[in-house]
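Subject: Structure handover

Hi,

Here is the structure I promised to pass on to you. Have a look at it first, and then read my notes below.

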Amino acid sequence: MKLNLFTLKLLTAIFMAIDHIGALFFPDQLIFRYIGRLAFPIFCYLIANGLFYTRSKVKYLARLLGFALLAQFPFTLMMRIYNHHLLFTLDSGGSIFSTPSIFFAVTTQNLNALFTLFFGLLALILLDWIQTFFAQREQTAIGVFLGVLPAAGLTAACIWLSCEFETLGIPLMVAFYEVAWMKRDACRGPSCRVMFWALPLCAILVTTVIRSSQAIDPVQQWVYGCYQGLALIPLSFYHGEPGPKNKIIQYSFYAFYPVHMVILVGVYWALYP
């Protein structure tokens with residue numbers, strides 16, 4: 001069985017929708033959240049892989065940042081519902097522009113996952129430039145070491161800003177990018193197939209250990225980590241074929257993130273006014 005890029009994106013959208021449906025309507029049924037854990041690792045892979053094919057890295061960054069900003073308000077509303085916070089209403093005497101706090105979830109996750117992906121993409125662009133610079137001088141090991149530094153700094157920024165998936169995002173994107181770098185260098189042997197699994201799993205394991213050590217329910221964090229690792233299964237069936245491709249499809253997948261949250265929040269308000 002082979003999966004193309006379009007199918008991977010479709011699976012990501014489905015997993016993400018299941019996660020958010022569970023968060024809003026079935027908060028006690030954790031199976032929805034577990035299935036939803038499959039979405040983010042695939043997102044990380046798609047962004048890291050896309051860096052090798054984009055015509056403009058600046059436009060790629062701007063696109064991610066733009067949709068991250070668009071998604072922040074519905075993300076805030078969704079997270080407030082999930083965390084039983086008071087919902088914002090215009091009857092409270094303010095406007096959405098005079099109350100900056102409504103753009104933040106006021107929880108342990110203030111910024112949505114697209115901000116994490118944005119910082120991750122920026123880290124990968126810096127990593128690519130550094131690795132290419134030193135590879136041309138036959139100093140690949142130095143390039144890999146120095147390239148990790150901006151990734152570490154931007155991960156710290158994600159933690160400070162309380163982005164969603166703040167500890168997992170950038171390490172996982174770097175792991176996927178290094179695997180893609182090896183494939184670009186015509187690495188096709190058994191060691192490359194092992195690295196496809198080993199590097200992302202190490203990133204997931206390390207971040208799971210960190211999160212479980214800080215969590216009220218560490219067992220749940222380990223279950224989350226296991227499900228995130230399962231995302232490598234559909235990724236292993238992807239063989240580089242793009243599938244259906246045009247600008248409408250491309251932007252539809254970006255727009256799905258904020259739009260589906262708006263719809264879900266609207267349905268929630270209609271059911272529980």
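Start with helix H3 (residues 39-50) and helix H5 (residues 113-135), whose axes come within 10 Å and cross at roughly 35°. A helix here is a DSSP run of H or I with at least four residues, a strand is a run of E with at least two, and both are numbered from the N terminus. The axes are lines fitted to C-alpha atoms, for helices over the stretch in contact, and the angles run from 0 to 180 degrees between N-to-C directions. The crossing of H3 with H5 is right-handed. That word is used if the near helix is turned clockwise from the far one by less than a right angle; if the turn is anticlockwise, the crossing is left-handed.

Which residues meet there? From H3 come Phe40, Phe43, Cys44, Ile47 and Ala48, and from H5 come Ala113, Thr116, Leu117, Leu121 and Leu124. Contact means heavy atoms within 4.5 Å. By type, the H3 and H5 contact has 9 nonpolar residues, 1 polar and no charged. Nonpolar covers Ala, Val, Leu, Ile, Met, Phe, Trp, Tyr, Cys and Pro; charged covers Asp, Glu, Lys and Arg; the others, Gly among them, are polar.

Before you go further, a word on where this comes from. It's a predicted model, in which local features need pLDDT of at least 70 and side-chain atom pairs count only at pLDDT 80 or more, while totals for chains, interfaces and linings use all residues. Residues are numbered from 1 along each chain as its sequence is written, and side-chain values use heavy atoms, with hydrogens and water left out.

Now the whole protein. The protein has 273 residues, and 46% of them count as buried. Buried means under 20% relative accessible area, exposed means over 50%, and partly exposed is in between (1.4 Å probe, protein chains only). The protein exposes about 14200 Å², with 70% of that supplied by carbon and sulfur atoms. These areas come from the Shrake-Rupley method with a 1.4 Å probe, and for residues only the protein chains shown count as cover. Take the contacts between residues at least 6 apart in sequence: 76% of them join residues at least 24 apart.

Helix H1 (residues 5-25) and helix H11 (residues 247-271) have axes that come within 11 Å and cross at roughly 20°. H1 and H11 are therefore roughly parallel to each other. The cut-offs are under 35 degrees for roughly parallel, over 145 for roughly antiparallel and 65 to 115 for roughly perpendicular, with the rest called oblique. The crossing of H1 and H11 is right-handed. Among the residues that make the contact are Phe6, Leu10 and Ala13 of H1, and Phe253, Tyr257 and Leu264 of H11. The H1 and H11 contact divides into 18 nonpolar residues, 2 polar and 1 charged.

While you're in H1, click on Leu8. Is Leu8 buried or exposed? Leu8 is buried, at 0% relative accessibility. Leaving aside neighbours within four places in sequence, Leu8 is in contact with Leu3, Ile42, Leu46, Pro234, Leu235 and Tyr238. The C-alpha atoms of Leu8 and Pro242 are separated by 9.7 Å, although these residues are 234 residues apart along the chain.

Thr12 also lies in H1 and is buried, with a relative accessible area of 2%. With residues up to four places away not counted, Thr12 touches Ala39, Ile42, Phe43 and Leu46.

Next, Glu178 in helix H7. This residue is buried too, at 16% relative accessible area, and touches Leu127, Gln131 and Leu199, not counting residues up to four places away in sequence. Gly143, in helix H6, is buried at 0%. Its contacts, on that basis, are Ile130, Gln131 and Phe134.

Last, look at the loop between helix H6 (140-160) and helix H7 (169-184), where you'll find Ser162. Ser162 has a positive phi of about 55° although it is not a glycine. Phe165, in the loop between H6 and H7, also has a positive phi of about 55° without being a glycine. Ser162 is buried at 18% relative accessibility, and Phe165 is buried at 14%.

Cheers
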